[in-house]
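This report describes the arrangement of helices and strands in one protein model. Look at the sequence and the structure before reading on.

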Amino acid sequence: MRYRTCGLVSETMEKKRCTAVILAAGTGSRMKSARAKQFMELDGKPLICYALAAVEASDVIDDCILVTGAEDLEWVAEEIVKKYQFHKVESVIAGGSERYLSVALAMRLIASGNMAVPNRDGYVFVHDGARPFLTERILRDTYEAVQKYGACVSAVHSKDTVKIADENGFVKETPDRNFVWNMHTPQVFETGLITEAYAALERSAEQLKQSGVHITDDAMVVEYFTNYKVKLVEGSYENIKVTTPEDMVVAQRLIFNKKICKTC
């Protein structure tokens, strides 16, 4: 395994290009809604708008690829990107049937060099569109880490004791909670590293499927197909992923609290 040992890039050095890949191709199955969760309204705006607004306002991110369902391409371009004036969104592309396939399609676009400004030796930030509470601090912290290590993930320490089960549902082992983290996004990588890792995944996808390997995040792709270590970067417990109706209630409360704090 390897990781970068050089120091952080100083403010006097030229900033490398940073491309955000925002994933919004999911469905509303666990939300028990006919409408995809990323388009459900949160405080009067589609959920996806919050992550895109963070990207739009960020000094770290230069451009953005928005990945959505093929049937939603036109609607998203008009009613999300154009309506809310997300100028950093350069491309709106159709995703795949699974998360990793959606990311792979975005990686193909980046690797092709066909973006308005190619990102050949910069960084890629992959973020779930259903995580509305992305902040500039998270983007800056992961940007600093990826410059040093080449691969990093926003994450939080697990608050709960985690049990590893056997095939019959009995406790097999209890890992030390001090070393257990919950993975969040953004997950951030050198452009060449993540595009090459996903290209390798696409070549091996069928073999992995037959072996029962289920790819759950981008860090796992890097772990499987490169010799890089992925650095864990302390994120925020507020950076929740809205997946169930209960999550939406929490998100509404967080929005309300943030409004109250601004008026205090």
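In which helix is the place of Ala 53? Ala 53 sits in helix H1. The model is a predicted one. In this model Ala 53 has a relative accessible area of 31%, so Ala 53 is partly exposed. Between Ala 53 and Glu 190 there are 23 Å in space, C-alpha to C-alpha, and the two are 137 residues apart in sequence.

**Helix H2**

Helix H2 covers residues 73–82, and Val 76, Ile 80 and Val 81 in this helix are buried. These residues lie on the same side of H2, because they cover an arc of only 80° around the axis. Glu 74 and Lys 82, on the other side of H2, are exposed. The cover over the buried residues of H2 includes helix H1 (48–57) as well as strand S3 (45–46), strand S4 (63–68) and strand S5 (89–94).

**The sheet**

Strands of a sheet pair through backbone hydrogen bonds, either parallel or antiparallel. Here an open sheet of 7 strands runs in the order S5-S4-S1-S6-S10-S7-S11, and its pairing is mixed. S5 and strand S11 (231–234) are the edge strands, each of which pairs on one side only. From one strand to the next, the twist averages 25°.

Strand S6 (residues 123–128) pairs with strand S10 (residues 181–190) in the antiparallel sense, over 4 bridges. Opposite Val 124 stands Phe 189 in S10.

| Helix | Strands touched | Angle to S10 |
|---|---|---|
| H6 | S6, S7 and S10 | about 65° |

How far apart are the axes of helix H5 and helix H6? The axes of helix H5 (residues 191–210) and helix H6 (residues 218–225) are 9 Å apart, and the two helices pack at an angle of about 80°. That angle makes H5 roughly perpendicular to H6. On the side of H5, the contact is made by Leu 193, Ile 194, Ala 197, Tyr 198, Ala 200, Leu 201, Ser 204 and Leu 208. H6 contributes Asp 218, Val 221, Val 222, Tyr 224 and Phe 225. Of the residues in the contact of H5 with H6, 11 are nonpolar, 1 is polar and 1 is charged.

Notes: Residues are numbered from 1 along each chain as its sequence is written. This is a predicted model: local features need pLDDT of at least 70, side-chain atom pairs count only at pLDDT 80 or more; totals for chains, interfaces and linings use all residues. Side-chain values use heavy atoms; hydrogens and water are left out. Buried means under 20% relative accessible area, exposed over 50%, partly exposed in between (1.4 Å probe, protein chains only). The arc is that of the directions from the helix axis to the C-beta atoms. Contact means heavy atoms within 4.5 Å. Axes are lines fitted to C-alpha atoms, for helices over the stretch in contact, and angles run from 0 to 180 degrees between N-to-C directions. Angles under 35 degrees count as roughly parallel, over 145 as roughly antiparallel, 65 to 115 as roughly perpendicular and the rest as oblique. Ala, Val, Leu, Ile, Met, Phe, Trp, Tyr, Cys and Pro count as nonpolar, Asp, Glu, Lys and Arg as charged, and the others, Gly among them, as polar. Two strands pair if DSSP finds at least two bridges between them.
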